[in-house]
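Take a look at the model below.

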Amino acid sequence: MTPRLFDSKTLLLTMIISIASGKGGTGKTTVATNLAFAIGKAHILDCDVEEPNSHIFIKPEITSKSPVYIPVPEIDKSKCDFCGKCAEVCAYKAIAVLKTDVLVFKELCHGCGACEYFCQKKAIKEVNRTIGYIETGEKGDLLFTGGKLNIGEAMAAPLIKEVKNRVKLQMTNIIDAPPGTSCSMIEAVTASDFCVLVTEPTPFGLNDMILSVEVLRKLHIPFGVIINRSDLGDDKTVTYCEKENIPIIMKIPFDKNIAMAYSQGKSIIEALPEYKQKFIALYEDLKERIE
Amino acid sequence: MKELVILSGKGGTGKTITTGAFASLAKNKVLADCDVDAADLHLLLKPEIKEESDFLSGTEAVIDKNLCNECGLCRELCRFDAISEDFTVNPIACEGCDFCANACPQKAITMQRNPKGKQFVSETKFGPFVHAKLGIGEDNSGKLVSQVRKKANEIGKKLKSDWIIIDGSPGIGCPVIASMGGADCALIITEPTMSGLHDADRIIKTAKHFNVPVKLIINKYDLNPEMSDKIEDYCKSNDISVLGKLAFDKTVVEAMVNGKTIIEYAPESEISNALREIWNKINTEIL
């Protein structure tokens, strides 16, 4: 079983819904932000730290901004005897020990702490390296937490983990996940009560959705599918979901008004108010599935 | 030989459609799909796999229960919360850092290397194609991307190709950095939305950070012409050449549904002509 962040039996009101997709650009942020607006009182966490967009739609008033670090080694050369143990135990080749020098390649370091632990001379201490930052803010009753990875930084997962540590108890938490199916996506969806996969009914959308389905099954996270632009493409996505017993929990047909609103950073609910009821219904449906 | 990588920052802006079009238009090239955890280019190129190899990268800790005396040191040291209370390792959480294996007083932990995906070299009607499939739930996608690129370059050198054309992944992190370092051009596909501009800005800054020259295409520009102008202004003030603008066209989805590149499916369409013009510009400006 996936480790749950919280025991939902003792904290009935704490809920974590993640919004993911295999393929990018299918409408994750659209679903996440409109769901949040429809609920009214919720906490949205932008875990697409490489290309975060939720803030464009939520427009929160940012109240705090804090850097996120990973620990990297710093060598005190006056204590070091260049024995080479630190380089030997580093699985990422982030340390090279020369005859009279030690080189640390900080961007290769995963911050496991082995080098410091095994250094006999106590010549290594860990220092913080900033990989990005987290902003928090509010918009009415909506709470916002978003991570932003620094430009040129490769490792997104530790930052996503930090964003997720800000999950709020006794509240509905909506996680806007990054696209893909690798470590970042897994970090974002892990410990969700339910994952909503947003897809489009095209061969690319289906191919990538199937990969996400395999990941979610491996993680034992319950999930359902939203088909966005549901009238552009073919019916293979529906056929696949039926065959695999995957619930299709919503369909959003293509609408130029939605595309226009999106392009301007407006929610669907703002552009087409009849969608408010649809997203409220989606929320009720998700609650029932989680309980 | 020039290396062109198609990127976007934001997902779903049309990277693979564009790469597919270039597959039809470019002569003497090797194609590579570096979106290894959500690869789609094969759906257009219909590859015939010629070579298949395991992607070996990193290791995972395995605890021998017969040797383990449950002292708890490994759980205490592991920063990735990968070891459970009953001393089993969660392979998805394990980062393969070897810390536990090196520290275990009972020597009960070994690091095992398992295949974490597959790499393929294929033949297609458009030319050789290198692609990959990352194992479900595996990390190290950056390393697999590097291997795919390396293989494509080897083939390109052998065949004296003019181009390595790479379909990249969304985002600005590990696999994207691995796919663009040292390339001759990062071609950014964006869309006229606030998200598109925001994300294009971040990928362009990333490319500049790694000294990769940037050019840009605006896809579906007519969905919001005002925002398109904004993106063009942004490009002008950042000294980035806009190679062209593509109009929203439902034919693109039809071509995809039929498993064809847009050039194959609708060679005389407006969008195909626009892509042809873009490809000619790339030829004169880069090659």
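Glu3(B) and Arg149(B) pair through their side chains in a salt bridge, with N and O 2.8 Å apart. This is a predicted model. Glu3(B) sits in strand E1 of chain B and Arg149(B) in helix H5, so the bridge ties together parts that are 146 residues apart in sequence. Glu3(B) is buried, at 7% relative accessibility. Arg149(B) is buried too, at 9%.

Helix H5 of chain B also holds a local pair. Glu154(B) and Lys151(B) lie three residues apart there, about one turn of the helix. Their closest N and O atoms are 3.8 Å apart, in a salt bridge. Both are partly exposed: Glu154(B) at 43%, Lys151(B) at 23%.

Lys205(B) and Asp201(B) form a salt bridge at 3.0 Å, N to O. They are four residues apart, so about one helical turn separates them. Lys205(B) is partly exposed, at 43% relative accessibility. In chain A, shared partners join Lys23(A), Glu200(A) and Arg229(A) into one salt-bridge network. Over all chains, the structure holds 25 salt bridges.

Now the domains. Chain A splits into domain 1 (15-61 + 131-290) and domain 2 (70-129). Four residues of domain 1 and five of domain 2 make the contact. The two domains bury about 360 Å² between them, 64% of it on carbon and sulfur atoms. On the domain 1 side, Ile131(A), Glu153(A) and Met155(A) lose the most area, together 90% of what that side buries. One salt bridge is counted between the domains. Arg129(A) and Glu153(A) form a salt bridge, with the closest N and O atoms 2.8 Å apart.

Definitions and conventions
Residues are numbered from 1 along each chain as its sequence is written. Chains are lettered from A and ligands numbered from 1 in the order in which they are written. This is a predicted model: local features need pLDDT of at least 70, side-chain atom pairs count only at pLDDT 80 or more; totals for chains, interfaces and linings use all residues. Side-chain values use heavy atoms; hydrogens and water are left out. Domain bounds come from an automatic or database domain assignment. Contact means heavy atoms within 4.5 Å. Buried area is the accessible area (1.4 Å probe) that two parts lose on being put together, summed over both. A salt bridge is a side-chain nitrogen of Lys or Arg within 4 Å of a carboxyl oxygen of Asp or Glu. Helices (H or I, at least four residues) and strands (E, at least two) are DSSP runs, numbered from the N terminus. Buried means under 20% relative accessible area, exposed over 50%, partly exposed in between (1.4 Å probe, protein chains only).
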